[in-house]
Amino acid sequence: MTTPRFFLALPLFVGLASAAGAQTRTTPPPAAVPAPASSVPTLEAVTVSGVQPGPGLWKVTKGGHTLLILGSLAPIPQNMTWKADEVDDALAHASELILPPKVDIKPNVGFFGKLALLPTLIGVRNAPDGATLKDTLPADVYARWLTVKARYIGDDRSVERYRPIFAVVELYKNAVKKSGLGKAGVITRTVVAIATKYNVKQTPVQYTLLVDDPRKAVKEFKRSTLDDLSCFTLSVENIDAQLADMTRRGNAWATGDIGALRDDRTAKQRAACLDAVTDGGVAQRIGLTDIPKAVRDTWLGVVDNAMAHDTQAVAIVPIEDLLGDDGYLTALKARGYKVEAPDDGD
C-alpha cells in the first residue's frame, strides 16, 4: 500500500473501539526466493553500528520554492546513531516540517457507541468456529510454521488459534526483535526534535476513514474467511531471507546507499498479503481499498500548500511510499515539480 502496507486493515478490527482510532503504518515483511522447506538456516543478522550518515534528501523545486524530503525506513539497526547534520541544516532554513502521513480508522459513533462496540471485538484475531492453524493449513506449511514459531515466538499456544495473517504479524513482530533491528519511530522523533529546536511549524498529514456501522463490520469480519494462505505461506517459508533483506535495507538506509534502497523485493508477498485483507466484502464495503490513493492525495495537497507559501520546507515520508511507479515522487513530477535524488550527482 505507507502504506501503507498489508497490515493496514488489521487494526480496524483489533482497535476500532479506541477513542482515538487505530493509527496504522507498518512496514510489510519483504519477499525473497522461497527456501526449501527442509532447509532452515539460522539467520545471523549483520547490521551497521555506531554513527552513520543516513540517506540524503530528495530535493523538490518549483517557482523558487524548495521541499527537501527525508525517506524514513523501519526497522533500522538498533545500535546505530544517526548523524542528522543534513536534516539539521535543512530545518535551520525551513519554515515548515511536513510530518509523515498517518491513517486513522475510526467508528463513526459517539462515546457510548464505542463502549457498546467493545464486546464484539473479543476474539477478533481468532479463526472462525474455533479453528486452529493446524486445522486450516496444509500439513507441510504447518510443519514449517512450527519450526519458525519455535525459533522466534516460542511456546505460545494462543497464536495457534489466530487467523493465518494475524499469526504472521505476531511472527514478524517477534522475529524483528531478535534480528538486531528496531527503532521504528526514532527517525521521526529525531527530526521533530530538530524542528522544535528551531521553532519550525509542524504540519500533520492525516486521513481519517469513518466506519458508519463498526459493529456490523466487526461481526461480518469475524464470520468471514480470508484468502490468506498464500500470504502466510510466503511469509513463513521466506522469513529468514526476508529478515536478511530487512537487514540489508536497514544497512543501506544507515549508510546512505540510495541505490540499494531502490532495490525493493517485496512485490510478490505485498500483493498476496494486501489482497488477503482488502479483497473481502467487508473491506471493500467500508472503503479500505481506497485508502492508499486518499492518503497520497492528502499529502500532495499539504505539499502544494507548503510550496505556495514557504521558501523552504522539509518532509518525512516512508521510503517505500516515495519510490516506485506509483510513489509520491512520481506523483510530484506529474504535478510539475522538479525532483532531484540524493545520488543524482554520483
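Which two side chains meet in a salt bridge at 2.7 Å, N to O? They are those of Arg248 and Asp245, and the points below begin with the overall chain, come back to this pair, and then move to other contacts. The model is a predicted one, and the distances, angles and accessibilities quoted here are computed from it.

1. Overall composition. The protein chain holds 16 helices and eleven strands, and of its 346 residues 52% are buried.

2. Helix α10 as a whole. Helix α10 covers residues 239-255, 17 residues in total, and from its first C-alpha to its last it reaches 24 Å, which is close to the 24 Å expected at 1.5 Å a residue. Because 13 of those 17 residues are buried, the helix is largely enclosed by the rest of the structure. The residue that follows α10 is Gly256, and its phi is positive, near 75 degrees.

3. The pair within α10. Arg248 and Asp245 both belong to helix α10, where they stand three residues apart, or about one turn of the helix. The two partners can be told apart by their accessibility: Asp245 is buried, with a relative accessible area of 4%, whereas Arg248, at 22%, is partly exposed. The cut-off matters for this reading, because a residue counts as buried under 20% relative accessible area, and the 22% of Arg248 therefore places it in the partly exposed class. The side chains of Asp245 and Arg248 are also listed as making a polar contact, at 2.7 Å.

4. A charged link between α10 and α5. Asp240 forms a salt bridge with Arg144, and the closest N and O atoms of the two are 3.5 Å apart. This pair links distant parts of the chain, since Asp240 lies in helix α10 and Arg144 in helix α5 (residues 139-152), 96 residues apart. Both Asp240 and Arg144 are buried.

5. A charged link between α2 and α7. A search of the whole structure finds eleven salt bridges, among them one between Asp88 and Lys197, whose closest N and O atoms are 2.7 Å apart. Asp88 lies in helix α2 (residues 85-92) and Lys197 in helix α7 (residues 186-197), so the pair ties together parts of the chain that are 109 residues apart in sequence.

6. Three aromatic pairs are found in a search of the whole structure. One of them is formed by Trp145 and Phe232, a tilted pair with 5.5 Å from centre to centre and 50 degrees between the planes. Here too distant parts of the chain are linked, with Trp145 in helix α5 and Phe232 in helix α9, 87 residues apart. Trp145 is buried, and Phe232 is buried as well.

7. Aromatic contact between α14 and α16. The rings of Trp299 and Tyr328 have their centres 4.9 Å apart and their planes at 40 degrees, so this pair is likewise tilted. Trp299 lies in helix α14 (residues 291-309) and Tyr328 in helix α16 (residues 328-334), so the contact ties together parts that are 29 residues apart in sequence. Trp299 counts as buried at 0% relative accessibility, and Tyr328 counts as buried at 4%.

8. Thr233 in α9. Helix α9 (residues 229-237) contains Thr233, which counts as buried at 17% relative accessibility. A polar atom of the Thr233 side chain lies 2.8 Å from the backbone oxygen of Leu229.

9. A charge over a ring. The charged end of Lys62 sits over the ring of Tyr337, at 4.7 Å from the centre of that ring.

Key:
Residues are numbered from 1 along each chain as its sequence is written. This is a predicted model: local features need pLDDT of at least 70, side-chain atom pairs count only at pLDDT 80 or more; totals for chains, interfaces and linings use all residues. Side-chain values use heavy atoms; hydrogens and water are left out. Helices (H or I, at least four residues) and strands (E, at least two) are DSSP runs, numbered from the N terminus. The expected span of a helix is 1.5 Å times one less than its number of residues. Buried means under 20% relative accessible area, exposed over 50%, partly exposed in between (1.4 Å probe, protein chains only). A polar contact is a pair of N or O atoms within 3.5 Å; within protein, one must be able to donate a hydrogen and the other to accept it, and residues adjacent in sequence count only if both atoms are side-chain atoms. A salt bridge is a side-chain nitrogen of Lys or Arg within 4 Å of a carboxyl oxygen of Asp or Glu. Rings of Phe, Tyr and Trp (its six-membered ring) pair if their centres lie within 6.5 Å; planes under 30 degrees apart count as stacked, over 60 as edge-to-face and the rest as tilted. A charge sits over a ring if NZ of Lys or CZ of Arg is within 6 Å of the ring centre and within 35 degrees of the ring normal.
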